[in-house]
Amino acid sequence: MSTETAEVAVEPTVADAVERARAAAGWWAGLGWDGRRRALLAWKRTLAARIDELADRIRAETGKPHGDAVLEVMLAVEHLDWAARNARRVLRRRKVPSGLLAANHAASVGYEPLGVIGVIGPWNYPVYTPLGSISYALAAGNAVVFKPSEHTPGVGRWLAAAWAEAVPQEHGPAVFQAVTGGGEVGAALCRAGVDKLAFTGSAATGRKVMAACAGTLTPVVVEAGGKDALIVAADADLDAAARAAAFGGFGNAGQTCAGVERVYVERPAYEPFLAKLGELARETRPGEEPDARYGRMTTPTQAAIVAAHIDDAIAKGGRAVVGGPGSVRPPFVDPVVLAEVPEDSLAVTEETFGPTVVVNPVRDLDEAVERANASRYGLAASVFTGSRRTAADLAGRLRAGAVSVNAVLGFAAVPALPFGGVGDSGFGRIHGADGLREFSRPKSVTRQRFTAPIDLLRLDRSPAALQRAAKLFRLRHAR
Ligand code: NAD
């Protein structure tokens, strides 16, 4: 089937969903803060009560261990709860100072829903990641049409069915719908006339999404990949740093957008850190069991990318400290620790998205920051140090959307923190107050309370009034 035929075949499904969402959006916005909060919390209770069932669905489609799937849902529910409870506080109309020139006006800003939001999701965290857009978009008063990854359609359908059950009113189910299929369905959603498109996936697809959305001037949020660095200072707790590098690097088979892909260690701590990480890597094995440390590669193509990065790193002179090309035995990949890998290797420049970690020594923390920042990605970063001052300094200098100190992924469980990237990691923010505003349109209102003593906004303005105003202006700004 040609791409064109496929698109024609799927377009009505997406178009129908967007049309239904459009019809329901007014009802949803009209429910007001309290009504929406009640509906969102009802959905939340469904997800929380049926967490094992949802985790089983995630596990079946991604291959991740049950515990990881449960943790993913727990984090997603925490965000949903926060969005539901904080939307009113963040978005309701509030007064702002009107300033000297407009002192006779009362001024306020309120945040209105955009209408219908299209959400396109990835497969690696098929609940946590898209809900970062969906929960916040719904709480801000929008209807949502969600296109889950073609690798996790069942999770997407489950979420929409749970919503329909929790919000059964006439228009309820149309407020959050799932449409499933591959890239062509995502492309159709981009062209469907939604009011904003929130995309999570690779930077390469993000470019296509933006290009498709450009046709209708549909604004986009792009949450793309990462090549996140972890910096280990000589004064760091090396056991904690190694444990975090192992979790951030190998957890979820390395298929985490903000996982640890590169580690830069200050020279004096380099060998001890490498030894500790090596030990953890050697005792870690993936498996199919529900309680395995991590599971299979979710997609059939990913293992080949991981293998290519390992081969390239070794060919360019890197050292395989744990594992190597033989660690790739699809659908599993054993942990791989690569050391002294040249900075122009694929394993340093490209997102590997596998359970491999590159560990390189650095002269000092300045070099660590320089190397960490020398990436076209900038999603998150981690710093391990015993000094709070050093941590604050490095956090300020790292080119990333989020920095965790003495931990990895610290931001993930803090709903009040915005999340998003720099450069090829994307733009726009989900989560937190910024995430709620991302799916809103600010509207400014002024109300004239009395006629200004110096009234300049009239055609018959007196020259004397302008002179007085100009004098005041110079006194205020030209001194
Ligand atoms: P992907 O780019 O292959 O696909 C993402 C989604 O886009 C899928 O639903 C896919 O069907 C859809 N799609 C494909 N072609 C399309 C097109 N032409 N138009 C519209 N939609 C299209 O990414 P993936 O492999 O599913 O996910 C892995 C990537 O996601 C990694 O790069 C990872 O780092 C990133 N990710 C980022 C975040 C974040 O929050 N920044 C979170 C999770 C994953």
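Predicted model: local features only at pLDDT ≥ 70, side-chain atom pairs only at ≥ 80, totals over all residues.
Local features need pLDDT of at least 70, side-chain atom pairs count only at pLDDT 80 or more, and totals for chains, interfaces and linings use all residues. Residues are numbered from 1 along each chain as its sequence is written, and side-chain values use heavy atoms, without hydrogens and water.

Me: How are α3 and α6 oriented to each other?
Reply: Helices are DSSP runs (H or I, at least four residues), numbered from the N terminus. α3 spans residues 51–62 and α6 residues 153–166; their angle is about 160°. Angles run from 0 to 180 degrees between N-to-C directions, with axes fitted to C-alpha atoms over the stretch in contact. Angles over 145 degrees count as roughly antiparallel, and α3 and α6 are therefore roughly antiparallel.

Me: Which residues of α6 meet α3?
Reply: Contact means heavy atoms within 4.5 Å. From α3 come E53, L54, R57, I58 and E61. Their partners in α6 are P153, G154, V155, W158 and L159.

Me: What is the volume of the largest cavity?
Reply: A cavity is a set of points on a 1 Å grid over the protein atoms alone where a 1.4 Å probe fits but cannot get out. Points join across faces, edges and corners, and the volume is the space filled by probe spheres set on them. The structure holds two cavities of 30 Å³ or more. The largest has about 90 Å³.

Me: Which element gives the most to the lining of the second largest cavity?
Reply: Lining residues have an atom within 4 Å of a point. Here they include A380, A381 and S382. Strands are DSSP runs of E, at least two residues. With three residues, the top contributor is β16.

Note on methods. Parallel < 35°, antiparallel > 145°, perpendicular 65-115°, else oblique. 1 Å grid on protein atoms, 1.4 Å probe; cavity = no way out; pocket = protein on both sides within 12 Å on 5 of 7 lines; lining within 4 Å.
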